[in-house]
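Okay, thanks for making time, everyone. I'd like to walk you through a few spots in this one, so let me get it up on the screen.

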Amino acid sequence: MRKKYLSVLLILSTLFSLLTGCNNKSIEAIYGQELVKCGAIYDTDSKLSYELPIICEGEIKDFSVEEYYVDGEGQYEISFEKLEGGYKYKGLYYYLAYFNVGVEKENPAKITIESVDMKINGKLFTYDMEDMHFSNIKGTYGDEFIPTQGALLYGNGGPAVVINKIPEEKYVVEFLVEEDCVIREIAYHDYLDISDIEVSVNGVETKYNNNIVLKKGDNVMFKYYLKYKEGVFKYDIVKTTLLVKYSIADNKYIFSDEQGLVIINLRDSSFIKDYIDEKLGGK
């Protein structure tokens, strides 16, 4: 009887070892760097939040950030906030590491975060960034433009900052005019092109050109189609600045909404699942 009892214990012990071994699979590589498409032109001293997706074959038990590798000029701040996730899809675990990034406002600053050293379950990994760059207005344009002085304010509470995907219909941005000005151009800093722009002022359609004359109290609305630039995909995390160039008298200004548009399909983590299916072959 004792021999049989020991055999049962041995079998149970082996099964337990196998099960716990599967749950604590060693992490040999991390994926997700290609998803990062974040760039901003700052007109603020505040730090803004950005996410780095981390996809791996094992569960993350311990996580820390060891080093940031940054190229460029000017003062900046980067700080790790938190790691969230631990969901599983097709044998892979996925997480989001949240970071706060800021650049100084007054003096020229233009930086690229090239990589981040992370320690995961005691092992060091280098997360090579796909594209993550930040600057302020002086760092991008020098003295060509003066930062916005409040001549343009978002109408209806601002744009829908976060969208799941590029809409098939035209995207709408609306401004209230606080000071007489002439709008010269509306565009996104990176990753997105816009086309077939419609403009209306106080509900009356007008031609889009580099000379849209506006008066204090006007309501100006832009409608346009959005399209990814080459090399940007539906599963990417896209965060980019909305820019409106305008003039008042002989002075040139620029309205800069640092995260003017964020495209990330958070619905059921679809962007991660699409990436695993299409880039990692479902593993």
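Threonine 44 counts as buried, at 18% relative accessibility, where buried means under 20% relative accessible area, exposed over 50%, and partly exposed in between, with a 1.4 Å probe and protein chains only. Keep in mind that this is a predicted model: local features need pLDDT of at least 70, side-chain atom pairs count only at pLDDT 80 or more, and totals for chains, interfaces and linings use all residues. Numbering runs from 1 along each chain as its sequence is written, and side-chain values use heavy atoms, with hydrogens and water left out.

So where does threonine 44 sit? In the loop between β2 (36-42) and β3; strands here are DSSP E runs of at least two residues, helices are H or I runs of at least four, and both are numbered from the N terminus. A polar atom of the threonine 44 side chain lies 3.1 Å from the backbone nitrogen of serine 46. Not counting residues up to four places away in sequence, threonine 44 touches Val103, Lys105 and Glu258, with contact meaning heavy atoms within 4.5 Å.

Now on to serine 49, which is in strand β3. Is serine 49 buried or partly exposed? Partly exposed, with a relative accessible area of 25%. The C-alpha atom of serine 49 is 4.5 Å from that of asparagine 100, although the two are 51 residues apart along the chain. Setting aside neighbours within four places, the contacts of serine 49 include Glu81, Tyr98, Phe99 and Lys239.

Next, the inside. The largest nonpolar core has 48 residues, a core being a set of buried Ala, Val, Leu, Ile, Met, Phe, Trp, Tyr and Cys residues joined through side-chain atoms within 4.5 Å. Among the members that touch the most others are Tyr50, Leu52, Ile120 and Phe134. Which strand gives the largest share? That's β6 (residues 92-103), with ten residues. Take leucine 52: beyond four places in sequence, its contacts include Val36, Tyr95, Phe99, Met118 and Met132. There's also a second, separate core of 33 residues, with Tyr171, Val173, Val244 and Ile263 among them.

Last stop, helix α3 (residues 270-278). Its buried residues are Phe271, Ile272, Lys273, Tyr275 and Ile276. Those buried residues pack against β1 (30-31), β3 (48-56), β5 (76-89), β6 and β19 (237-248). As a reminder, an α-helix has 3.6 residues a turn, so residues three or four places apart point the same way.

Definitions and conventions: Polar contact = N/O pair within 3.5 Å; in protein donor to acceptor, adjacent residues only side chain to side chain.
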